[in-house]
Amino acid sequence: SSSSSSDRSSSSDSSSTVHVLDCGCGSSHLTFGVLHYLHHVRGLPLQLTGIDTNAALMQRSNRYCADLGIADVAKFHTAAIRSYDPDMAPDIVLALHACDTATDEALALGVRLGSGVIMSVPCCHKDLHRQHAAATQQQRRVRRAPGSSSSGSDDEIDGGIGSAGSGSSSVSGE
């Protein structure tokens, strides 16, 4: 994808506009913070795009842009990260607390598009928490089953994240 990198570079050089893509932007609070800092505080010419699968939030963010008079600088689209294909490769890709695997998808997108800067803050990993809770529930059912031995310690049976118990393999195996 060397052509997309050179296209992005020549386009950015000619206009000096910094193109930012915020993946999984949700309510866009952090997106608007980035816009304010880069555009209003630092004075950078900016084109910011936010994407998220929640159409209502994207509509609301576009309404805020119109109300604030910044619709020419920021736009929001309803789109999945893994299938998003921007008109212009971003200089900066953000994934600030994008849920579940969205952070990984944003990292992959930034690499694929040849973005010069990729900034991410991982999320709370709800999916991993669900998997851990399910594994713990299953282990407790096995422990309570008639004829099962209860000689193991709670650590061995419950297998918390990072413990040596059997439950940790289902979490760390993902």
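Two strands pair if DSSP finds at least two bridges between them.

First, the ground rules. This is a predicted model, with residues numbered from 1 along each chain. Local features need pLDDT of at least 70, side-chain atom pairs count only at pLDDT 80 or more, totals for chains, interfaces and linings use all residues, and side-chain values use heavy atoms, leaving out hydrogens and water.

Now strand β4, residues 92–96. Which strands does it join by bridges? On one hand, β1, residues 18–23: three bridges, running parallel. Val-20 stands opposite Ile-92 there. On the other hand, β5, residues 117–121: five bridges, also parallel. In that pairing, Val-93 has Ile-118 as its bridge partner.

β4, helix α4 and β5 make a right-handed β-α-β unit. Right-handed means that, with the strands pointing away from the viewer, the path from the first strand over the helix to the second runs clockwise.

Helix α4 covers residues 102–113. Its buried residues include Ala-102, Ala-106, Leu-109 and Leu-113. Just after α4, Gly-114 takes a positive phi of about 70°.

Last, the aromatics. The structure holds two aromatic pairs. Rings of Phe, Tyr and Trp (its six-membered ring) pair if their centres lie within 6.5 Å; planes under 30 degrees apart are stacked, over 60 edge-to-face, the rest tilted.

Take Phe-32 and Tyr-64. Centres are 6.4 Å apart and planes at 55°, so this pair is tilted. Phe-32 sits in helix α2 and Tyr-64 in helix α3, 32 residues apart. Phe-32 is buried at 16% relative accessibility. Tyr-64 is partly exposed at 36%.

Then Phe-32 with Phe-76. This pair is tilted too: 5.5 Å centre to centre, 50° between the planes. Phe-76 lies in strand β3 and Phe-32 in α2, so the pair ties together parts 44 residues apart in sequence. Both are buried. Phe-32, Tyr-64 and Phe-76 form one aromatic cluster.

Methods
Helix = DSSP H or I, 4+ residues; strand = E, 2+ residues; numbered from the N terminus. Buried < 20%, exposed > 50% of the residue type's maximum accessible area, 1.4 Å probe, protein only.
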